[in-house]
Amino acid sequence: GSESPIQFGQINPNIASNFINTLHQDLVLSFPPGFPPSCSPSVPLPFTMSHGTTTLAFIFQGGVIAAADTRSSCNGLVACPASQKILPVHSHLVGTTSGTSADCALWKRILARELRLYQLRHGRRLSTAGAAKLLAHMLHPFKGTELCVAATLCGWDGGERPSLYYVCSDGTRLQGELFSVGSGSPYAYSVLDGGVRWGLTVEEATSLARQAVYRATHRDAYSGNCVDVYHITSKGWARRDREDAEFKSQHP
Amino acid sequence: MEYLIGIQGPDFVLVAADNVAASSIIQMKQDQDKMFKLSDKILLLCVGEAGDTVQFAEYIQKNIQLYKMRNEHSLQQRYGNDLFPTPYHVNLLLAGFDETDGPGLYFMDYLSALAKAPFAAHGYGAYLTLSILDRYYRPDLTRDEAVELLKKCIEELNKRLIINLPSFSVRLIDKDGIHDLEKLVPVGAK
């Protein structure tokens, strides 16, 4: 119907916090209060751990590379070792996801729907910048609730140029050439900052992306298992074979 | 962690803002522009909670553009101030040049306190730089003197502020409009 995509029944944050355990989870499950018992860490964490994931995306001469691990964690349990964190939105736009798996899957679908409607109504595809703004404005009413989505939108605009935007449910929207999101992102950033150049070949860029995710999965408990890599060019997105993070990096 | 500064002269306003967009301990972007053009001669500088800043500033920006379209003349500077307490956690500097009133700099915080001031700053860096402004500011500053005063402030941040702010966007507003000045990039530790 004509209901706006943002007019869902919002959960009152006071009620929500009673039955949703918000400690280190990528997959939201309803537990009764007090379970599982939380133990305080013996060493204080440098910053709040959240978004149990490593995702990254960067622009280079060959287009956009997006990479992510495949581990979905929930409080120390690996809920799914083979999840998909890079979701295609349309033929020339993919989004990496981080935060709550369910929220990301839902909002990606809503974004895909709204972009398709825009295309039908206006006869042209909305740019990545427009898609990022649309997503940010759809998420803004949920600020302060438990909703948690941190995505990078990697696309190719109007047959001319690659584009990369970071959108977060706290309202942040940033355009850039290199982003990494998730609990493993600091580890990935340090590998990428030393290697990303405009002039990389496609093979070099893919290999660098896998290395960065591998290093992050090695150090971050909430990232791991396999690495997905997507490559976006003027012809659209192409998915590389999913490879085990550790295997590939030790047998290049 | 963010920093805004404004210095008003006899016929201009000089403003600067840092360029870092951070998330937790990571600098996600080093070339973020925190100034929003409200009209040909009014700039809104906006820092605060991630997301709120851009949402609020763009909301004000678009509404002022709409007012201009509807009413054929643009909002005068002092009416560009939003006096309602809002749920947005943003701290603002509003700088502009008015045809009748001349240059003006307004300091506003998230509780919607509003003050017209000859110079102002927001952020942790304000604690370090307000006393420099107190000491060296004169109402009859020339443009060059204002830029030198700004450089003094930024050098102090480079020396004493625990956060590294690698670069600052600088703009000047006068009767001819908004002028982009060279980005200030403090170099080396003193």
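1. In this predicted model, the cover over the buried residues of helix H2 (101-122) of chain A includes strand E5 (86-90), strand E6 (93-96), helix H3 (128-139) and strand E7 (150-157) of chain A.

2. The residues under that cover can be named. Asp103(A), Cys104(A), Trp107(A), Lys108(A), Ile110(A), Leu111(A), Glu114(A), Leu115(A) and Tyr118(A) are the buried residues of H2(A). Looking down the axis of H2(A), these buried residues stay within an arc of 170°, so they line one face of the helix. As background, an α-helix has 3.6 residues a turn, so residues three or four places apart point the same way.

3. Which exposed residues does H2(A) carry on the face turned away from its buried side? They are Ala102(A), Arg109(A) and Leu120(A).

4. After H2(A) comes Gly123(A), with a positive phi near 75°.

5. Helix H5 (residues 202-219) of chain A can be checked in the same manner. At 1.5 Å a residue its 18 residues should span 26 Å, and because the end C-alpha atoms are 26 Å apart, the two values agree. The buried residues in H5(A) include Ala205(A), Leu208(A), Ala209(A), Ala212(A), Val213(A) and Ala216(A). Arg210(A), Tyr214(A), Thr206(A) and Thr217(A) are also among the buried residues of this helix.

6. H5(A) has a helix partner, H4 (residues 185-193) of chain A: the two axes come within 8 Å and cross at roughly 145°. The crossing is right-handed. On the H4(A) side the meeting residues are Tyr187(A), Ala188(A), Val191(A) and Leu192(A); on the H5(A) side they are Leu208(A), Ala212(A), Arg215(A), Ala216(A) and Arg219(A). By class, this contact has seven nonpolar, no polar and two charged residues. Of the H5(A) residues in it, Leu208(A), Ala212(A) and Ala216(A) are buried.

7. In chain B, how do helix H2 (residues 124-136) and helix H3 (residues 143-160) cross? Their axes come within 9 Å, at an angle of roughly 145°, and the crossing is right-handed. H2(B) contributes Gly125(B), Leu128(B), Thr129(B), Ile132(B), Leu133(B) and Tyr136(B), which meet Leu149(B), Lys152(B), Cys153(B), Glu156(B), Leu157(B) and Arg160(B) of H3(B). Seven of the residues in this contact are nonpolar, two polar and three charged.

Technical notes. Residues are numbered from 1 along each chain as its sequence is written. Chains are lettered from A and ligands numbered from 1 in the order in which they are written. This is a predicted model: local features need pLDDT of at least 70, side-chain atom pairs count only at pLDDT 80 or more; totals for chains, interfaces and linings use all residues. Side-chain values use heavy atoms; hydrogens and water are left out. Helices (H or I, at least four residues) and strands (E, at least two) are DSSP runs, numbered from the N terminus. The expected span of a helix is 1.5 Å times one less than its number of residues. Buried means under 20% relative accessible area, exposed over 50%, partly exposed in between (1.4 Å probe, protein chains only). The arc is that of the directions from the helix axis to the C-beta atoms. Contact means heavy atoms within 4.5 Å. Axes are lines fitted to C-alpha atoms, for helices over the stretch in contact, and angles run from 0 to 180 degrees between N-to-C directions. A crossing is left-handed if the near helix is turned anticlockwise from the far one by less than a right angle, and right-handed if clockwise. Ala, Val, Leu, Ile, Met, Phe, Trp, Tyr, Cys and Pro count as nonpolar, Asp, Glu, Lys and Arg as charged, and the others, Gly among them, as polar.
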